There are 4 protein chains.
Amino acid sequence: MAGNTFGEIFRVTTWGESHGTAVGATIDGCPPGLELNEDIIQADLDRRRPGTGGAASPRKEPDKVQILSGIFEGRTTGTPISLIIFNKDAHSKSYDNLRDIFRPGHGDITYLEKYGIRDYRGGGRASARETAARVAAGAVARLLLSGHGIKVTAFTIALGGITTNQRDMAAAAKNRLFCPDEEAALRMEEKIKGVRAQGDTLGGVVEVRATGCPAGLGEPVFDKLDGALARALMSIGAVKGVEIGDGFAAAASTGSQNNDSLTPDGFASNHSGGILAGISNGDEIIVRAAVKPIPSIGREQQTINLKHEIVNIKIGGRHDISAIPRIIPVCEAMVCLTLADFFLRQQAVK
Amino acid sequence: MAGNTFGEIFRVTTWGESHGTAVGATIDGCPPGLELNEDIIQADLDRRRPGTGGAASPRKEPDKVQILSGIFEGRTTGTPISLIIFNKDAHSKSYDNLRDIFRPGHGDITYLEKYGIRDYRGGGRASARETAARVAAGAVARLLLSGHGIKVTAFTIALGGITTNQRDMAAAAKNRLFCPDEEAALRMEEKIKGVRAQGDTLGGVVEVRATGCPAGLGEPVFDKLDGALARALMSIGAVKGVEIGDGFAAAASTGSQNNDSLTPDGFASNHSGGILAGISNGDEIIVRAAVKPIPSIGREQQTINLKHEIVNIKIGGRHDISAIPRIIPVCEAMVCLTLADFFLRQQAVK
Amino acid sequence: MAGNTFGEIFRVTTWGESHGTAVGATIDGCPPGLELNEDIIQADLDRRRPGTGGAASPRKEPDKVQILSGIFEGRTTGTPISLIIFNKDAHSKSYDNLRDIFRPGHGDITYLEKYGIRDYRGGGRASARETAARVAAGAVARLLLSGHGIKVTAFTIALGGITTNQRDMAAAAKNRLFCPDEEAALRMEEKIKGVRAQGDTLGGVVEVRATGCPAGLGEPVFDKLDGALARALMSIGAVKGVEIGDGFAAAASTGSQNNDSLTPDGFASNHSGGILAGISNGDEIIVRAAVKPIPSIGREQQTINLKHEIVNIKIGGRHDISAIPRIIPVCEAMVCLTLADFFLRQQAVK
Amino acid sequence: MAGNTFGEIFRVTTWGESHGTAVGATIDGCPPGLELNEDIIQADLDRRRPGTGGAASPRKEPDKVQILSGIFEGRTTGTPISLIIFNKDAHSKSYDNLRDIFRPGHGDITYLEKYGIRDYRGGGRASARETAARVAAGAVARLLLSGHGIKVTAFTIALGGITTNQRDMAAAAKNRLFCPDEEAALRMEEKIKGVRAQGDTLGGVVEVRATGCPAGLGEPVFDKLDGALARALMSIGAVKGVEIGDGFAAAASTGSQNNDSLTPDGFASNHSGGILAGISNGDEIIVRAAVKPIPSIGREQQTINLKHEIVNIKIGGRHDISAIPRIIPVCEAMVCLTLADFFLRQQAVK
């Protein structure tokens, strides 16, 4: 109800603020018997870790996860799995100057409007720090899915207006931006450099694909799989748009072009993105998320303070130029959490 | 869990198939004391009614709603409101030829994969007929919202690749497509005519705006208002993409352009679409849905039958050329249901 | 949230008031493929029907159920099953004299306090009439359970202070009170006669047993099977106490007496009522419900009206002497609904 | 769904096993602005702490709670409150001899049947240790309630068959058993001594009263306040029966005796236990829980092992003679959690 829980059967509750003691997640409803340990989760968390160059800030967050419950002799027991990541790099002092100011593009003012109180230290609960807990929980979902042959991968298909023409996954694995088009990746890095010099930030588009997903997942009519994926990705702070398969391009298409013909060997095309009438059709699931530019920019901006007076701010510090690529494992985590939940939901009534 | 319920506090469950006895909705959690009658609901239902020309099919569905419970002496009592709409124009015979065939772009095959059984009569539960119940329930949500000064309006901003340059609401009220650009509306009608002659269908884009929405609605982190709206709109059969505010355009923007400056008089711009960090900011809420072309086309298509043999089909009958404009009140209904629920959720912890 | 929905996976929403148009239930989450028709449901409904003598009132409620959706060619489709029972015997006029009065022992005053509005016609939503919808939905749950070898039976073990010494199910089938002790049943009927003459009413105790229930149902720690059964039975209007196995007698026992020894052939005794640590242990499930006397009595009572003035009332009309035996199928229905839901919940994570 | 979450708006998820790293609770949906600190929670936890004599075992569990999130500058922020209690006194070695054995009266066999895996260390998740997290969360609920004038108190009204004749709250505060009848308390202590010498254990009855509760809480028809309280109390491991107001005694009463007359000054009696038609009536709420004897007894018992062979066990160690009095604050916590949730639910639709 208060929004910190995700999923119906495979159900995750996250907690924690950017500059509090820790962030964490509790998974309730994970099936028993999965071989789980901290290294498996840590591997996903490390992919979310800030780098030392490019679009990422130079901060270091070790983000060491601990499993506090739900595991016995190396296997899940079916009881709640509590995950915790202590916050070690919390410089709350550096936010004191933001105490009375509403940063443009941030949730400062809406949190205050909603709760009548605001944790101004680095965005509190609204910080991207919260996504560490999602990635940790998502790693457990990924483990469950991989046991059923389902694989989820996200990558960058646009950054700062530069788009990709290829889906070369081997190329994506080699560059820091997880961009499946080597040439585009180089241009994106150039763009980042230029924008960094201007104290500005960039948005982009992430595509997530799930292979091996069986037909039959998704619950008509309100819990369609595409609706659930849309909500899942849109629940990531920076995401402002989501599309499935051809998405917005389908709006300009015709029925004869957009329909995927069925053949004895499967679908002849995949305009639908692997989902028909809200239910997976066995084809590859394809979903894209539009990521807005990070609102914390180095350039001076005009805003207001708590007294509703005009003030100018310049947000210094260790901020990223783009939510990409750090948002990549977060997008994967949300898709994993969604698919794991719908997989179990389907199992319930089979 | 099985997907036919929407909302946490203002909670709607719909039921019914296109060619069954009736479709209906039960609203649980509607506050007591609202002045409600069948005419209020009928007004919204009538807007969903098929017309006699243009993009709509010539069928006639009277769609008379009855309130079966939850009202006493003209006011809601706080107990469940049961709404029913009997199906009168159900020609199930005309679907007999589709009994063994999977129509391209439809959920025929995914329903069979999911449930092991399929109601082949006009799509059964997957039919757009189901949305009549949503519109009926949405009218009650709209009544609740209007008591708090919130108004929700949807209109067509693209059809068949033709886009609008204006948001002239007076114009939208005058044409059948609810298109706020008179000149574009004319070109859209031309396009419809051409495509109808070819036995093909069209997609488009619907924009929904909510004015008067107070700041503070939305539940971080997984039940963000934008995520909930995305899920709500994507739960409509034909919708393949959703965006909030600048949406996908924000992905190609920069932070300095995309941030909405705060001024003592409110936000200087509205790139965010009225939602910051998942919480309404008091500005107009703007959300768009990409609507795919209707998959039932008059042209011959190749597909397979239950034995997985190749067959050709030509879907005749009384189908629309586009889900637009009939999808317009459905989009409004889903946004109304979402906002009504979040309004009450916010009230709970205030 | 507003309380008219029961179950997580096998989920039922009921609606309707005693003197409205109809009462009904929508089942969402029923597995596909069950052979269901109206006769199956009607059989359970008929057991709830008022008789012509004894503890029951002389009213006649035909209570004909109709299935409006969710069935195709005689089988459930996995989509919502909408059930409706029209109210035919609604004499709302006879309640006009109660319009301004709070009947002792009824929810008249609490409904008004809660909702600020009250449907005074026969108790509205608080009427036992509402349980017809539960019994209808419970019949579908029973069908699901019987396919897995689970059988639920309720019977009377106390009425008006007269208790049973036997569990002779053959005897229970022969008397109107479903009392498994022939001799006690006769004394209960005598008691009813005497109390009827005095214009008073009686309570009693119902025992429900479920056989064939597999081990492993129940969700620690908050959704224990016994907790769920307690809530289920206590949600029936007249029930004021619930116990599992030895229940309150266990409170006066010792560990050595109360523990059920395990043997290679199963448990040596069943003090636990078939539930250990909130999970079914494979033994017979035994639960009892304390039923209070019907508050509508023929004798004059003192109460207050809307103006908080003292008034005397004498509730005439066609009221039963005891909620027993009509509550028997309602108790069965609630246990069936609970077990069906937990059966599917267990299937989800197996 | 998997049972470790309680509440709809004020929603608590607990995690942790008796011999794992820690136990904890996450509260989602606590209103912002409450003045909360660890001392407030610790005070309730300390009441649950094992003593050094009487019915309690000589173990020492410091049970120091830490608040990990959700508080800023001494007040709740409306975001999730994560509470953790590290396990310090975990002697898992002493359970190695139980590794292959199913203890009578415990959940050993049902956990194995349910999950296919069992944490044999002290009962794992089924241990009473889990209730520490409930008490911690309940303290936050109690804080919320006390701000609205609602007070919840539990006490012992029966132990080992000895019952109380008084409700002298001053007396209850003075004895270790929270027994409101000084003379009965002395006899209970005598009984405990005798039973301890025999290596046996005792059950009892706890009564919980809530004063100051406004009329109007409770959600007909399935989420009645009494049903919710029944489920809440029955979710405590040892509880086998629950009753509201006169409870099982009402089953032997008549309508004229059991009805509470309304007067201009309130109800003339309180047979209903403060709840009518599932909704609080403004009177004192009275609920009782039947607590079974602790199944871990010092006497030799016959049982089976994993191979289903007969074995004898004698459970030594530091076990309590009765769940009373340590269950007292747990009962209070569950009632506080229930009332806090229903209080906010009512606020949502007011």
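Analyst: Happy to. Across the interface of chain A and chain C, the rule finds two residue pairs in polar contact, both at pLDDT 80 or more; a polar contact is a pair of N or O atoms within 3.5 Å, where within protein one must be able to donate a hydrogen and the other to accept it, and residues adjacent in sequence count only if both atoms are side-chain atoms. Before going on, please note that this is a predicted model, in which local features need pLDDT of at least 70 and side-chain atom pairs count only at pLDDT 80 or more, while totals for chains, interfaces and linings use all residues. Residues are numbered from 1 along each chain as its sequence is written, chains are lettered from A and ligands numbered from 1 in the order in which they are written, and side-chain values use heavy atoms, with hydrogens and water left out.

Staying with chains A and C, 11 residues of chain A are in contact with 11 residues of chain C (contact means heavy atoms within 4.5 Å). About 770 Å² is buried between these two chains, and carbon and sulfur atoms give 55% of that area; buried area is the accessible area (1.4 Å probe) that two parts lose on being put together, summed over both. Gln347(A), Ala348(A) and Val349(A) supply 56% of what chain A buries against chain C, more than any other three residues. There are zero salt bridges between chain A and chain C, a salt bridge being a side-chain nitrogen of Lys or Arg within 4 Å of a carboxyl oxygen of Asp or Glu.

Now to chains A and B. Here the contact takes 99 residues from each of chain A and chain B, and the two bury about 7500 Å² between them, with 62% on carbon and sulfur atoms. The rule finds four salt bridges across this interface; in one salt bridge, the side chains of Arg231(A) and Asp223(B) meet at 2.6 Å, N to O. The count of residue pairs in polar contact between chain A and chain B is 48, both at pLDDT 80 or more.

Strands take part as well: strand 11 (residues 239-244) of chain A pairs with strand 11 (residues 239-244) of chain B in the antiparallel sense over three bridges. Strands here are DSSP runs (E, at least two residues), numbered from the N terminus, and two strands pair if DSSP finds at least two bridges between them. Val242(A) has Val242(B) as its bridge partner.

Terms used
Helix = DSSP H or I, 4+ residues; strand = E, 2+ residues; numbered from the N terminus.
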